[in-house]
Amino acid sequence: MTLRRRLAKLEAIRKPVAEEPRLMIFKETWRDDAGDLVSIANRAKVLTATGWQSIQRRNDEPEAEFLLRAEGFAGDPAARSAWVLAVLRRKHAALDPLQSESIRDALGEG
């Protein structure tokens, strides 16, 4: 069998990626002191070109950033860009003058 015939055969049986879910989010759930149900996304399985990959939320990573990172890892370019901006904004918040409480108070925004 030639390489071209083999590729044609494999492409014929290949499923389109859009038919399958590309991202599964796993949340940890518990009850707080008041008895309210609390949950947070902590792990994700992402379908990539090499198969299913697992990613874990970092201890210092907010849930929203983790979700953007997972969606970006799954191939969503808009989520990837939003994740990069969110990480940069969080890491450099101390350098942002509008994040400073004294400046916000002076501007009347605090």
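**Notes on the fold, the core and a helix pair**

1. Reading from the N terminus, the elements go α-β-β-β-α-α-α. That gives four helices and three strands, where helices (H or I, at least four residues) and strands (E, at least two) are DSSP runs, numbered from the N terminus.

2. A word on what you're looking at: this is a predicted model, where local features need pLDDT of at least 70, side-chain atom pairs count only at pLDDT 80 or more, and totals for chains, interfaces and linings use all residues. Residues are numbered from 1 along each chain as its sequence is written, and side-chain values use heavy atoms, with hydrogens and water left out.

3. How much of the protein is buried?

4. Now find the largest nonpolar core: Ala41, Ala44, Val46, Ile55, Phe66, Ala70 and Ala74, seven residues. Strand E2 (37-48) and helix H2 (63-73) are the elements that give it two or more residues, and E2 supplies the largest share, three residues. A core here is a set of buried Ala, Val, Leu, Ile, Met, Phe, Trp, Tyr and Cys residues joined through side-chain atoms within 4.5 Å. In soluble globular proteins, nonpolar side chains tend to be buried together.

5. Click on Ala44 next. Not counting residues up to four places away in sequence, Ala44 touches Leu23, Met24, Ile25, Phe26, Gln53, Ser54, Ile55, Phe66 and Ala70; contact means heavy atoms within 4.5 Å.

6. Is Glu65 buried or exposed? Glu65 lies in helix H2 and is buried, with a relative accessible area of 6%. Leaving aside neighbours within four places in sequence, Glu65 is in contact with Trp83, Ala86, Val87 and Arg90.

7. Those contacts belong to a helix pair. From H2, Glu65, Leu68, Arg69, Glu71, Gly72 and Phe73 meet Ala79, Arg80, Ala82, Trp83, Ala86, Val87 and Arg90 in H3. The axes of H2 and H3 (residues 77-91) come within 7 Å and cross at roughly 145°. Axes are lines fitted to C-alpha atoms, for helices over the stretch in contact, with angles from 0 to 180 degrees between N-to-C directions.

Terms used:
Buried means under 20% relative accessible area, exposed over 50%, partly exposed in between (1.4 Å probe, protein chains only).
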